[in-house]
Amino acid sequence: MKRRLFVASSLAALGLTACGSAKDALTNGPFRKVLLSAEKLDHGVIGTRGLAREYRDSDIDRNFRVNGLDTPSDATYSSLVRDSFRGYRLIVDGLVERPQKLALAELRAAGERTQITRHDCVEGWSAIGKWRGVPLSTVIAMAQPKLGARYCVFHCFDVDQSAEHYYESLDLREAAHPQTVLALDLNDKPLDADHGAPVRLKIPTQLGYKSAKWVQRIELVADLRPIAGGGGGYWEDQGYEWYAGI
Amino acid sequence: MTSDVSVETFSARRTDVTGERVYRHDVIARATHWLWALAILVLVMSGLQIFNAAPYLDASDKSNPARRVLAFDARQVDGRPVGTTTVFGHTFNTTHLLGYTDDGMGAEDGRAFPGWATLPGPQDLADGRRWHLFFAWAMFIAWATYLISARLRGKLRELVMRRADFAKLLPMQLYYLRLRKEPPPHGTYNPLQKLTYNVVLFVMFPLIIITGLALSPGVDSAVPWLTPLLGGRQFARTWHFTLMALLIGYFATHLVLVLSTGFWNNMRSMITGWFVLGEHDGVGP
């Protein structure tokens, strides 16, 4: 009995030692492609269905947690802040019939939706905020997408330490979801700089990183691959799923 | 159903069949068993990697420190790093073990679970999620395949817990504890095995999949009653973690029984299917 236990525990110890190198070989080896295939399966099975839960005023986090990259501090963004975003124009271009340059007042006039929804971060935490803005579908309809347009890409003001710009993308089906909004207000006040002023995307049916902050330009495209790392988003280019419904 | 003589309702130690070989596990049972073993190992390790990104658990819908049941932290005490674990408000020093641990790159850092326990080793939420979400499918497919195959082969009948089995739980436990000479009469699986496998297969596996899905904002929108049923998203995360801990507890027990009831015989039967009858039959893992 003792001998067997010894043999078994030696095998276990050997297994654990082999584990470390095996783990890293598997992570970056040819098996990686197989690993990535789960995203398509999840997208197909879960997809974007139904509506995210909407909460009551009493559920709101008054100090909504700040996430994402650092608040932009470059000259362009700083001057916009000083000017209270009077000079800001949201650009909608790419595969559209009528490119748009929308001032904040025009965005507010275009349509309004208010929703109290939960923000689920990929890290695991959740916070509830009240978002008011214009449905993304309204803005996209104003620009009239061309036939070949499949995705809208959100180009943002924020950059990381290696000067890579934040960007995100949705397909036009997700963009048309009634709760996908270009938020202008958080908790009854215009967005502050830390929360993505003046315009951020809010898509409560997916994880938080899809809800791009500091949106500068929306570009309609047929293919995501030519843009930046080709993954369809800043975090996607670093290995995160483009379909962030799970 | 090859030569199941041994296990059809034997009431005493059948010395007359000792040494006889029986085909105990069919190829589907063996394949799904090892697929589970691999999937659970990967799921636990990648799950701990994901957990490390937000190393706390709340019994609430949105994150709420007032409802925190478990938290890991790293702080400086007299200029030295200390790792702490807080369970229901009680804080313990767990430096080097939890909270401040192996960073997977040969040093130590503020990290809930150590690098040797996570997949990948170093902090990497993106890859942790990739592993986790892939092997969740592997586990689900193994589970469904086993149950369908067992049902088609008529094996499921031998496994499902029946009313008569409950009365035999205590005698069986007494037999394990050597307070009773013989096990109560039973079929392929003894009543304690049945109970354990029923809890694992029909309660824990479905629940760990459901609690995991409840964390997904896409599932929460598509099936809006599920997440509230579990107490909200953070609570679902807490249940998911708890079930993982229970599964590890099951695995530890399983391992002890595999080792103590004829390790090589057990291993052979789970690899080739053939089990040699002996003094341990009916008391397996």
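## Chain B as a whole

In this predicted model, residues 24 or more positions apart account for 56% of the contacts in chain B that have a separation of 6 or more. Buried residues make up 35% of the 285 residues in chain B, and the chain contains 10 helices and eight strands. Taken along the principal axes, the C-alpha atoms of chain B fill a box of roughly 70 × 45 × 35 Å.

## An open sheet and a helix across it

Strands of a sheet pair through backbone hydrogen bonds, either parallel or antiparallel. In chain B, four strands form an open sheet in the order β2-β3-β4-β5, and their pairing is antiparallel. Because β2 (56–58) and β5 (90–93) of chain B stand at the edges with a single partner strand each, one side of each is left without a neighbour in the sheet. On average, neighbouring strands of this sheet are turned by 25 degrees against each other, direction ignored.

Strand β4 (residues 80–87) of chain B is joined to β5(B) by four bridges, and B:Thr85 has B:Phe92 in β5(B) as its bridge partner. Helix α9 (residues 233–260) of chain B lies across β2 and β3 (68–77) of chain B, and it runs at about 120 degrees to β2(B).

## Where chains A and B meet

The contact takes 39 residues from chain A and 31 residues from chain B. Among the elements that give two or more residues to the chain A side are α1 (2–28), β3 (113–120) and β4 (126–135) of chain A, and α1(A) gives the most, with seven residues. By class, this side of chain A has 17 nonpolar, 12 polar and 10 charged residues.

Notes
Residues are numbered from 1 along each chain as its sequence is written. Chains are lettered from A and ligands numbered from 1 in the order in which they are written. This is a predicted model: local features need pLDDT of at least 70, side-chain atom pairs count only at pLDDT 80 or more; totals for chains, interfaces and linings use all residues. A residue is buried if 20 or more other C-beta atoms lie within 10 Å of its own, exposed if 12 or fewer, and partly exposed in between; C-beta atoms are placed from the backbone. Two residues are in contact if their C-beta atoms, placed from the backbone, lie within 7 Å. Ala, Val, Leu, Ile, Met, Phe, Trp, Tyr, Cys and Pro count as nonpolar, Asp, Glu, Lys and Arg as charged, and the others, Gly among them, as polar. Two strands pair if DSSP finds at least two bridges between them. Axes are lines fitted to C-alpha atoms, for helices over the stretch in contact, and angles run from 0 to 180 degrees between N-to-C directions.
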